[in-house]
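Dear colleague,

Please find below the structure that I am handing over to you. I would be grateful if you would look through it alongside the notes that follow.

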Amino acid sequence: MNPTEIYDALSDLASQPFDDSIFPYDFALATDAAKATVDKLRKGATNRSDLPGGVLLSRRFHFAPAGGTEQATVDVVLEQLKASPRNKQAKPAILLTTDGTMLAAFHPASGESLHCPLDEMAKHFGFFLPAAGKERYRAVEENPVDVQATGKLAKLYDALIRHNPEWKNPSHTHIMNQFMMRLIFCLFSEDVGIFPKDQFSRLVLDYGGREGEALHIVLQAGFEAMNLPKDERSHLPDWTAPLEYVNGGLFAGDITIPTFDVTAFRYLKDACALDWKDINPDIFGSMIQSVADTGIRAELGMHYTSVPNIRKVIDPLFLDGLRSEVQKDWDKPAALQKLLHKLGHIHIFDPACGSGNFLVIAYRQLRELEMTILQRLATLNGNDTMELFSTIPIANFHGIECADFAAETAKLALFIAEYQANALFAERFGRAIAPLPLREAAHIVCGNALRLDWEAVCPPPGDGELVYIIGNPPFLGSTYQNAEQKADMAITFSGAVKNYKGLDYVAAWFFKAARYIQGRQAEAALVSTNSLCQGQAVNALWPDLLGEALEISFAHTSFKWRNNASHNAAVICIIVGLRNRPETKTTTILKRLFTGETEHQATNINAYLLDAPDVFIEKASKSLFGLPVMTYGNKPTDNGHLILSPEEKDRLLQQAPQAEPFIRRFMGSKEAINDLERYCLWIDDAELEQAKQIPPIAERIEATYAARLAMKDARNNQKLLDRPWQFREHDAPQNHAYLVPSISSERRPYLPVLRVKSDTISSNKNFVLYDAPEWCFALLVSRMHWVWSGTVCGRLKTDFQYSNTLGWHTFPVPTLTEADKEALKQSGRAIMRVRASYFDKSLAELYDPDKMPADLWEAHQANDALLEGLYNKGQPFTNDTQRLEHLFRRYAAHVAQSRKKQTTRKKRSTTKKQEG
DNA sequence: AATCCGACATGGT
DNA sequence: ACCATGTCGGATT
């Protein structure tokens, strides 16, 4: 259910006669619980409540009736609900009670409570969204008009599609969307006074026919008229004469109107009856899109940026600064006047604007600030002495969007935002501004942001002007980019960034933004996937992007993507602000580093989003510090045919007991960490003929061949086709191996490294040290290595994604004497011994931070103390920051030294050449 | 020839 | 449906 449906369901519920034995179940249904769930709840099977007449549905809500025999008031019952010990486990999102007249509810997560008459419950539907498993969203909550409007439009849309089935066709979606936009504009305009009051509604009612049969003809002529100045309408019916000429291209282009049936006609009349003047343009754009078909619904809703996240971009980028300027100049009229002038010369540019959310929010915030200044000036100077008008035109707002429906929505949304700000202005200062014909619209260009010249969309700032680039561009890893997107990347990066091909699509926006702002009165801040500041992307992108000229001005570190769409995109985001370095080295401007809710003032923010000097870790194919080479595991590329589940293994052995020597234990990350069983076929070349004699094995080899043949990456797989009885690598330990899971949870305080014997084969989900000296284990499971690899390797979401080239081969280690190695070996053995004493526990259990055994902790701490003593003259570090600082320092020193060596070598060779 | 990554993927509750 | 936590093989160097 989407918020609209929940709103409808709750208003239904509130209007029904109250019965406290039915109410909680109806409430469950209204808040999107499945029917089967409610049935179980009704039978009591899943009801966790301990209160009389209470109903507690896990994670959703806890209800208890008020009134009844004891005449308990809603307040008293709400307190009982809050006190219920059952909440601890079931974690209801909402507590509520009612006596049939009054309702009281509580939202434990925020501590907010609600008191209202039961029949007004739907009005506060936003409060109940958590009971439907949806995060609350203030703007929605405060504004039922948006929801009602969207609901009405959705019904109209559905009815039109039902009556005009061919419009469901993809070829018609565009004109359908356009039609809806134009309709919305008319509905809004006649309510806010852009059109004469009710002009459009009257048109619909007077000329639409009794059942809407003539409506398409009326709208056809009407919309055409709105696209023409009044003196160019001679070919149109006379009644179009009074219709306003709406500039701004809203009615330009193909005008095709669907036919209406009675139902569609009625929904349109409903929509006409609604008061559109209070709709919220910031989220309305996104909501309108949810009117369209469900595919688009999921897709678009998923990626629109919530207001709190937009604020994370625009507040640190420019609003906070402007606000403090206002505060500083609060008593200085001349300075405030100057500030007003500045506001009028700020340009906001969103090169991935979608339906314009960022632009609208930015616009509103600036107008709000402007009004604050004007009010203050009025107080200081007296009301009459000043001119009152807004210096912030929407023409200062620029955007690029590839979907033209969204681009049109953005224009409309900004127009509506402007109108609303003007209305507020008129209310506060008693002066109005004429709305039609539409003045300069916002500069929204429909096109591909990576092919367009940004300076043509948003001209570079002139004297006294400022440009702020903001937005949330699309994220797409290189594997997921299509041919066109790859071409976009090439156009953006070739010649400027060498290893751009592995970068995320979003990197292109960052790069263009960086180039745009360089050397200008301009700054940028964009939302990104966190992978842009992790792993190999750091060294691939950031040195070229920042160059000498730019720096990171502020950043939000990884946070989970969230908006109020029902299916949230699964991604972790960051926000990065870019600006020109101050001209003199001595001036440092504040750098803000946000982590969750906390803010930290940084001296520098590097491309890993750490308060540390700029470092870029480069991949290394062998250790820079003399450690053994770590290898990539055995990659199956087999569609599962070489791999056996325990059941498959048993079946195979039943069929062919002689297969036994060809079966080995097989481990990826998951198996290594959780001690799960899995097996694989392991056939040395010399044994091939023997293995092929076993029919089930021969079949699997055939199947692997077929699978490899069918795979996409034919060029890469050619060699694999020659030996379908083996994995791509064929590496097994002689004696032992250390497996480092490539992916593991970030919660564990140490990397879950596993030691295995020669009977175990590692998949490519682990990196492997084959037959390495034992002291290596002490390094792998040290906190030093945890910190280092966690920082410089990539992540999957926020979990560790280990890498040999980035994490192990770059891992700075002091020179170790034989005695050091022996001590480390013993210390590693001590850890192994403790682990062995918990032989029935997996690494996942042993290294669960909540359950980690004390003796294992102690063994690790001893290991850390020993190792860190070697790094730091016998002094272990006290925290991870110290550890990381030290490691970065060692890495930087190594890089500097090897560079020096290189230059001397080069010099020597050139001298030699000259001599020769 | 060898990896890094995922507006993910998927099992468990 | 959400939460926790790591498969798998494509695309790139």
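The notes below describe what was found, beginning with the conventions.

This is a predicted model, in which local features need pLDDT of at least 70 and side-chain atom pairs count only at pLDDT 80 or more, while totals for chains, interfaces and linings use all residues. Residues are numbered from 1 along each chain as its sequence is written, chains are lettered from A and ligands numbered from 1 in the order in which they are written, and side-chain values use heavy atoms, with hydrogens and water left out.

**DNA strand B**

There are 32 residues around DNA strand B, and Ser531, Lys719, Arg728, Lys797 and Thr805 come nearest; a residue counts as near if one of its heavy atoms lies within 4 Å of the strand. Of the atoms of DNA strand B that come within 4 Å of the protein, 52% belong to sugar and phosphate.

The side chain of Asn472 has an N or O atom 2.6 Å from a base nitrogen of DNA strand B. For Lys797, the corresponding distance to a base nitrogen is 3.4 Å.

**Strands**

Helices (H or I, at least four residues) and strands (E, at least two) are DSSP runs, numbered from the N terminus. An open sheet of four strands has the order S16-S18-S17-S22, with mixed pairing; two strands pair if DSSP finds at least two bridges between them. Its edge strands, S16 (643–644) and S22 (760–762), each pair on one side only.

**Salt bridges**

The model contains 33 salt bridges, each defined as a side-chain nitrogen of Lys or Arg within 4 Å of a carboxyl oxygen of Asp or Glu. One of them joins Arg520 and Glu455, whose closest N and O atoms are 3.1 Å apart. Arg520 lies in the loop between helix H21 (506–517) and strand S10 (522–529) and Glu455 in helix H19 (residues 454–457), so this pair ties together parts that are 65 residues apart in sequence.

In another, the closest N and O atoms of Arg728 and Glu729 are 2.3 Å apart. Salt bridges that share partners also link Glu551, Arg579, Arg581, Lys591 and Asp614 into one network.

Yours sincerely

Notes
A polar contact is a pair of N or O atoms within 3.5 Å; within protein, one must be able to donate a hydrogen and the other to accept it, and residues adjacent in sequence count only if both atoms are side-chain atoms.
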